[in-house]
Amino acid sequence: MEEVKVLGFWVSPFSLRVEMALKLKGIEYEFIEAQRPIKKCPNIIKYNPIYKKVPVFLHKGNPIPESLVILEYIDENWKDGTSLLPKDPYQRAIARFWAKFIDEKCLPEILKLCYDSNYEVKVKAMGELQELLKLLENELMKDNNKIFFGGENKVGYMEIVSILITYWLGVMQEALGVDILNKKEFPNICGWADKVISFSFMKENLPPREKLLAIYKEYAQPLVPPNNEINHTHK
């Protein structure tokens, strides 16, 4: 058996992306839970000295960081079985584009909303995130390239990448007590999320919601107005 290891953290959707891709491909691997704090974990510093974060994928001793890069490596190296990315070159390009959109546009706002202690920063991040989700909502409305639905009725690249939005975001907003992603404003995203989560493969591999929610309730910064604003509303 080839040496395949994943250095990750169970609460990370990015670590889970890599595990899901390996399971979908039927590749055996060893999961190594990173020590906390992750940025000071010796193995993380050794294998991912630039970003100092999970996941790190180890294949034959060669480290590869960043979940989107790892997913493409897995798809290219193990061609047998289920393909992660679409076969059509155009659809592959579009899938890569929207994956980067999730990680490079949506993720920074999600992190600010979840962990920043400044109320104004959090409110602005929530507004920015909703505007970004509108772009994704409109793209899903087109439904003309099928990249968001695995071609037809299967799990693929975008289903795996999307768990930040389709699963984690719902947990985060409940922990924070905010309403960002709802069926009234985002029926297409919510419908897509319901479909993604309904796949038996996804159900079997997603962490228990209540366990994840407990973590975010402990570490996320709630959206609470400054005292002077609260007092002002009662004058």
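Visitor: What percentage of the 235 residues in the chain do buried residues make up?
Guide: Happy to start there, with the note that this is a predicted model. A residue counts as buried when its relative accessible area is under 20%. By that cut-off, the buried share of the 235 residues is 48%.

Visitor: How many helices and strands does the chain have?
Guide: The C-alpha atoms of the chain fill a box of roughly 70 × 45 × 30 Å along the principal axes. Within the chain, the secondary structure consists of eleven helices and four strands.

Visitor: What is the radius of gyration of the chain, and what does the globule rule give for 235 residues?
Guide: The two values are close, so the chain is as compact as a globular protein of that length. The globule rule gives 18 Å for 235 residues, and the radius of gyration of the chain is 19 Å.

Visitor: Which percentage of the contacts with a separation of 6 or more comes from residues 24 or more positions apart?
Guide: Contact here means heavy atoms within 4.5 Å. Counting the contacts in the chain with a separation of 6 or more, the share from residues 24 or more positions apart is 70%.

Visitor: How many salt bridges does a search of the whole structure find?
Guide: A pair qualifies when a side-chain nitrogen of Lys or Arg is within 4 Å of a carboxyl oxygen of Asp or Glu. One of the pairs is K53 with E66, at 3.8 Å from N to O. Over the whole structure, the search returns eleven.

Visitor: Why are K100 and E104 separated by about one helical turn?
Guide: The side chains of K100 and E104 meet in a salt bridge at 3.8 Å, N to O. K100 is partly exposed at 43%, whereas E104 is exposed at 51%. The separation is about one helical turn because the two residues are four apart in helix α4 (residues 89–115).

Visitor: Which helices hold E174 and R209?
Guide: In this salt bridge the closest N and O atoms are 2.6 Å apart. The pair is 35 residues apart and links distant parts of the chain. Both partners are partly exposed, with E174 at 40% and R209 at 31%. E174 belongs to helix α7 (residues 163–176), and R209 to helix α10 (residues 209–219).

Visitor: Leaving aside its neighbours within four places in sequence, which residues is P187 in contact with?
Guide: P187 lies in helix α8 (residues 187–198) and counts as partly exposed at 45% relative accessibility. Its C-alpha atom is 7.8 Å from that of a residue 50 positions away along the chain. With those neighbours set aside, the contacts of P187 are E137 and N182.

Definitions and conventions
Residues are numbered from 1 along each chain as its sequence is written. This is a predicted model: local features need pLDDT of at least 70, side-chain atom pairs count only at pLDDT 80 or more; totals for chains, interfaces and linings use all residues. Side-chain values use heavy atoms; hydrogens and water are left out. Buried means under 20% relative accessible area, exposed over 50%, partly exposed in between (1.4 Å probe, protein chains only). The radius of gyration is taken over C-alpha atoms; the globule rule is 2.2 Å times the number of residues to the power 0.38.
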